[in-house]
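Have the viewer open as you read.

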Protein chains: 2
Amino acid sequence: MCQLLGMNCNTPTDIVFSFEGFRRRAGLTDCHSDGFGIAFFEGKGIRVFRDNRPGHSSPIADCIKQYNIKSLNVVAHIRKATQGDVNIENTHPFIRELWGENWVFAHNGNLTSLPDMTESIFQPIGSTDSETAFCYMLSQLKSRFAKKPNEQDIFAAIQEITKELTQRGTFNFILSNGKWMIAHCSTNLHYLTRKAPFGKAQRIDDDNVIDFRDYAKETDKVTIITTFPLTKDEHWNKMMSGGFVMFKDSDKVAEILGVESEIIDDGTLGVQTFA
Amino acid sequence: MCQLLGMNCNTPTDIVFSFEGFRRRAGLTDCHSDGFGIAFFEGKGIRVFRDNRPGHSSPIADCIKQYNIKSLNVVAHIRKATQGDVNIENTHPFIRELWGENWVFAHNGNLTSLPDMTESIFQPIGSTDSETAFCYMLSQLKSRFAKKPNEQDIFAAIQEITKELTQRGTFNFILSNGKWMIAHCSTNLHYLTRKAPFGKAQRIDDDNVIDFRDYAKETDKVTIITTFPLTKDEHWNKMMSGGFVMFKDSDKVAEILGVESEIIDDGTLGVQTFA
């Protein structure tokens, strides 16, 4: 299995505080040391850093810390390999162009069977279930919509495709096109939104403390989505199985609540809202 | 305009000696300071680094120098913007997945008109002529070949598509799928192959000297393709207008010679060889 980290903001924000805790789980406080990757949207473009070395000690990860990149949308992943060798082509997040946009995807889980990809528009490059599932999702979207539809239609279609893929195994994911961020929970995913009044937070993985008042403006809003909470003294919303969230400018614009149980077998996906 | 750098080898090789000279042209010895990018193939995967800061002073470029990445195929670009703003989405090299492979492309030149992309399978994300031309090329290839054809067919198809695109302007490019590297010259492109017996070379841009005997094994072969020669004391092959080369494991496996003139108007593309 792996761990996921996503950030969606209303102002370009530095993810270093969260990423520095997160990457300790890649070999120090946890065992997700089979490579890491992080993609920062900058406009429609992406800066992406990958390494097959453990995130906690990778020089590439050190470089990210020094560079202080600010972004509206970030997707990161630390890997504990289940399917596929430990190499760069199997390192999340995966990226494809869809409708003239970069789409970025990271997965935590394990799909024990995969759809037939013979005729798929998008083809996996590596050998992970994750990249195959992402390519399947994008191919389905492109087949359904020759041109980019509105966000409600995208959200609804992703739910349908996800419902199909979750029949094949555990499928926690974070997905972003640089405007919005969608997350789906099969087993473990948590989120919070930091906004005024800002306070302090202490990282779980090394006790480091930050006072967001030293960095944030009154109007700033930052949503963090991650497998397990990164701080001790903040309220993290635990997503339920089958739950979806869609964030834009750090606001939750759509949600499917999911169910307490980890197994969805009644075909329902909870209550949908779209703001 | 811009400058291009490509490397194709028979053993994973560190590009730092070439890249350190090349990136001085991004603000010190030349004016190509509107961002840089470099993609290193590692197996079927890619490590890519981009910055919209000048390559000569970018902390990302400093990180590359320290990290000592070894690769069989590298494509790099320093930009002097002609079309499109200076931002990450307009930073070469551009990358797309075709037939389950990463294809990496960098362009030097200026296309004064562009093909209609409305129905194109691949869509540009940024606003450069270069990315549009790349997407057009890939869409044409995918339309002609649903499955990956052999390398001769790829080389021939790229010639045809390039011939069409060169009607629209200057189109020097380097393209790689991680196995082979194809380069096309409209105006300026040079290459050399370093192999035993190895000797010394001195960089043009800062007079730094390397003795390849300190690094290379007897069987190593390294081909460098670049806009203008990077060293003083090596023989660089100047490509002619309309010329194509295809390298694999550092060997030239196919070539179109092109013509001395910078204008091709007789519909011929010189003599083709395929080894």
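## Strand pairing in chain B

Two strands count as paired if DSSP finds at least two bridges between them. Keep in mind that this is a predicted model.

With that in hand, take S2(B), residues 36-42, a mostly covered strand with six of its seven residues buried. On one hand, S2(B) runs antiparallel to S3(B), with seven bridges between them, and Phe40(B) sits opposite Arg47(B) of S3(B). The hairpin these two strands form has two residues between the strands, and Gly43(B) adopts a positive phi near 65 degrees there.

S2(B) also pairs with S4(B), residues 70-79, again in the antiparallel sense, through five bridges. Here Ala39(B) has Val75(B) of S4(B) as its bridge partner.

## Where the chains meet

On to the interface: 31 residues of chain B touch 31 residues of chain A. Together they bury about 2,600 Å², with carbon and sulfur atoms giving 54% of that. Tyr67(B), Glu97(B) and Ile125(B) account for 25% of what chain B buries against chain A, more than any other three residues.

## Polar links and who supplies them

What does the rule find across the interface in the way of salt bridges? There are four salt bridges between chain B and chain A. One pairs the side chains of Arg96(B) and Glu97(A), at 3.4 Å from N to O. Polar contacts across the interface come to 24 residue pairs.

On the chain B side, the elements giving two or more residues are S3(B), H2(B), S5(B) and S6(B). S3(B) gives the most, with seven residues. By type, that side of chain B splits into twelve nonpolar, seven polar and twelve charged residues.

Note on methods
Residues are numbered from 1 along each chain as its sequence is written. Chains are lettered from A and ligands numbered from 1 in the order in which they are written. This is a predicted model: local features need pLDDT of at least 70, side-chain atom pairs count only at pLDDT 80 or more; totals for chains, interfaces and linings use all residues. Side-chain values use heavy atoms; hydrogens and water are left out. Contact means heavy atoms within 4.5 Å. Buried area is the accessible area (1.4 Å probe) that two parts lose on being put together, summed over both. A polar contact is a pair of N or O atoms within 3.5 Å; within protein, one must be able to donate a hydrogen and the other to accept it, and residues adjacent in sequence count only if both atoms are side-chain atoms. Helices (H or I, at least four residues) and strands (E, at least two) are DSSP runs, numbered from the N terminus. Ala, Val, Leu, Ile, Met, Phe, Trp, Tyr, Cys and Pro count as nonpolar, Asp, Glu, Lys and Arg as charged, and the others, Gly among them, as polar. Buried means under 20% relative accessible area, exposed over 50%, partly exposed in between (1.4 Å probe, protein chains only).
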